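Keep the 3D view open while reading.

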Amino acid sequence: MKKPELIVALDVDSLAELQEIVDGIGDAVKIYKVGSQVFTSCGPAAARFLMARGKEVFLDLKFHDIPNTVAHAVANAVNLSTAVGRSSLTASGQEVRMGELLMYTVHTSGGEEMMRAASQAAAQTAETLKVRRPLTVGVTVLTSQDQKTQAAGLTGGEVSDNILTLVLKRAEAAKRAGLDGVVSSCAEASAIRKEFGKDFVIVTPGIRPAGADVGDQKRVATPSLAVQSGSSFLVVGRPIVKAPDPQQAALKILEEIQKSS
Ligand code: C5P
């Protein structure tokens, strides 16, 4: 299994804020998540900015639509990797390798046909454009949902009184549809790892260093617990981007990941 990696969720409202955080963190972090908050304010420019800085992008727009629309959105996302040439020069004349789209999300509740359309579009577009094929990962159950909130929101007869059962069911559908992995909380990660093997990608948000503010997250875990649970990518937002010193906060979490892996 590959070593777990840290992804910083750039949940901010402007390119200026994004730039300040990314430049402040510097070389410590190489993967950033662009989600709906920053995408609805800055658009694809957020991803392009990161790629131009040599960063890998996790585009977390959680696609959930008819297969045709999702396939076209995925093709456009893959196209972002071509947007800025493949290398650029820094002010000091050093050549920097451009970052690419590493991964993006769809909702597993969108169904297998939609998930398959997404992963096929990702593979075909990457092949045509000669860029890296991004990983397609499916959101199972949001980490801000617990047993109570989730039960209230179930649709389509999908009734489960057990989040783990539902997460495993959705992970199985994701695997059948050709996805590379899923997003889940750490509480389900070890069961997913056991069931779907070492190559299945598990992305875990809801990470909180001991003593950190939980905010709206419900199913949370510390970085070391996430690593022990078999997480491939730990997504951390507020504990880093809202910290007085984001670089220090990131380094501390990286150290914990390193020690536990
Ligand atoms: O600030 P915090 O660390 O809670 O941020 C977690 C990030 O992970 C947010 O950007 C959120 O959209 C995302 N996420 C999540 N739960 C999921 C999928 C994504 O919290 N199941």
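The protein has 11 helices and 10 strands. Both are DSSP runs numbered from the N terminus: helices are H or I with at least four residues, strands are E with at least two. The model is predicted, so local features need pLDDT of at least 70 and side-chain atom pairs count only at pLDDT 80 or more, while totals for chains, interfaces and linings use all residues. Residues are numbered from 1 along each chain as its sequence is written, and side-chain values use heavy atoms, with hydrogens and water left out.

Of the 261 residues, 49% are buried. Buried means under 20% relative accessible area, exposed over 50%, and partly exposed in between, with a 1.4 Å probe and protein chains only. Contact means heavy atoms within 4.5 Å. Among contacts with a separation of 6 or more, 68% join residues 24 or more positions apart.

Turn to the pockets. Rolling a probe the size of a water molecule over the atoms shows where empty space is left. On a 1 Å grid over the protein atoms alone, a cavity is a set of points where a 1.4 Å probe fits but cannot get out; a pocket is an open set with protein on both sides within 12 Å along at least five of seven lines. Lining residues have an atom within 4 Å of a point. Points are joined across faces, edges and corners, and a volume is the space filled by probe spheres set on them.

The largest pocket holds about 560 Å³. It has 27 lining residues, with Asp11, Lys33, Asp60, Lys62 and Gln217 closest to its centre. Strand 2 (31-35), helix 2 (36-42), strand 3 (56-63) and strand 10 (233-236) each supply at least two lining residues. Strand 3 gives the most, with 4. By class, this lining has 11 nonpolar, 9 polar and 7 charged residues. Here Ala, Val, Leu, Ile, Met, Phe, Trp, Tyr, Cys and Pro count as nonpolar, Asp, Glu, Lys and Arg as charged, and the others, Gly among them, as polar.

The second largest pocket has a volume of about 350 Å³. Its lining counts 21 residues, and Lys2, Leu135, Val201, Ser232 and Phe233 lie nearest the centre. That lining has 8 nonpolar, 2 polar and 11 charged residues.

Next, the cores. A nonpolar core is a set of buried Ala, Val, Leu, Ile, Met, Phe, Trp, Tyr and Cys residues joined through side-chain atoms within 4.5 Å. The largest has 67 residues, and Leu6, Leu18, Leu50, Val74, Val106 and Ile240 have the most contacts inside it. Helix 5 (residues 112-129) contributes the largest share, 7 residues. Apart from this core lies another of 14 residues, including Ala9, Leu102, Val137 and Val139.

Which residues of helix 8 (residues 186-196) are buried? They are Cys186, Glu188, Ala189, Ile192, Arg193 and Phe196. The face turned away carries exposed Ala187, Lys194 and Glu195. The buried residues of helix 8 pack against helix 7 (163-176), strand 8 (181-183), strand 9 (201-204) and helix 9 (223-228).

Ser224 lies in helix 9. Ser224 is buried, with a relative accessible area of 19%.
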